[in-house]
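Try each task yourself, then follow the solution step by step.

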Amino acid sequence: MAERNISDAEFVITSRKLLQPCYENYNLSTLETPAMSLSADNAMMRIAGSASVKSPAPNILLLSCQGPNPADTAAEIANALAQEFLKHQEDSYEKRCHETSATTHSGQKTT
């Protein structure tokens, strides 16, 4: 796989654009955490605050979450964030490929 710029991973992983589908698609609202009694917005803010992202080398991310029950809840949150981040990266890559292809083809003459 080609090297990608993941320098903004921490921002992306804790952004609403990524947290919203994470919260909804991975049933994070049903986990037994203090976030259960919060509104969706406040729960997503708490989840974002529990996440830590480091990039020790190109194409390597270390994602961790701290929570009251690290064996279950924090692991589920970290896995949901990781899966949604991968999906986001794949979608962004495909979008850039289509845009590049469209730009390349729009500059060519047809005979």
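Helices (H or I, at least four residues) and strands (E, at least two) are DSSP runs, numbered from the N terminus. This is a predicted model, in which local features need pLDDT of at least 70, side-chain atom pairs count only at pLDDT 80 or more, and totals for chains, interfaces and linings use all residues. Residues are numbered from 1 along each chain as its sequence is written, and side-chain values use heavy atoms, with hydrogens and water left out.

**Exercise 1.** Work out the secondary structure of the chain and its pattern along the sequence.

Solution. Start by counting: the chain has four helices and two strands. Next, read along the sequence, and the pattern is α-α-α-β-β-α.

**Exercise 2.** Decide whether Leu-18 is buried or exposed, and list what Leu-18 touches.

Solution. Then look for contacts (heavy atoms within 4.5 Å). Leaving out residues up to four places away in sequence, Leu-18 touches Val-12, Ile-13, Leu-81, Glu-84, Phe-85 and His-88.

**Exercise 3.** Find where Asn-27 lies and describe its phi.

Solution. Begin with the location: Asn-27 is in the loop between helix 2 (16–25) and helix 3 (40–50). Now check the angle: phi of Asn-27 is near 50°, a positive value in a residue other than glycine. Most residues other than glycine have a negative phi. Finally, Asn-27 is partly exposed, at 44% relative accessible area.

Terms used
Buried < 20%, exposed > 50% of the residue type's maximum accessible area, 1.4 Å probe, protein only.
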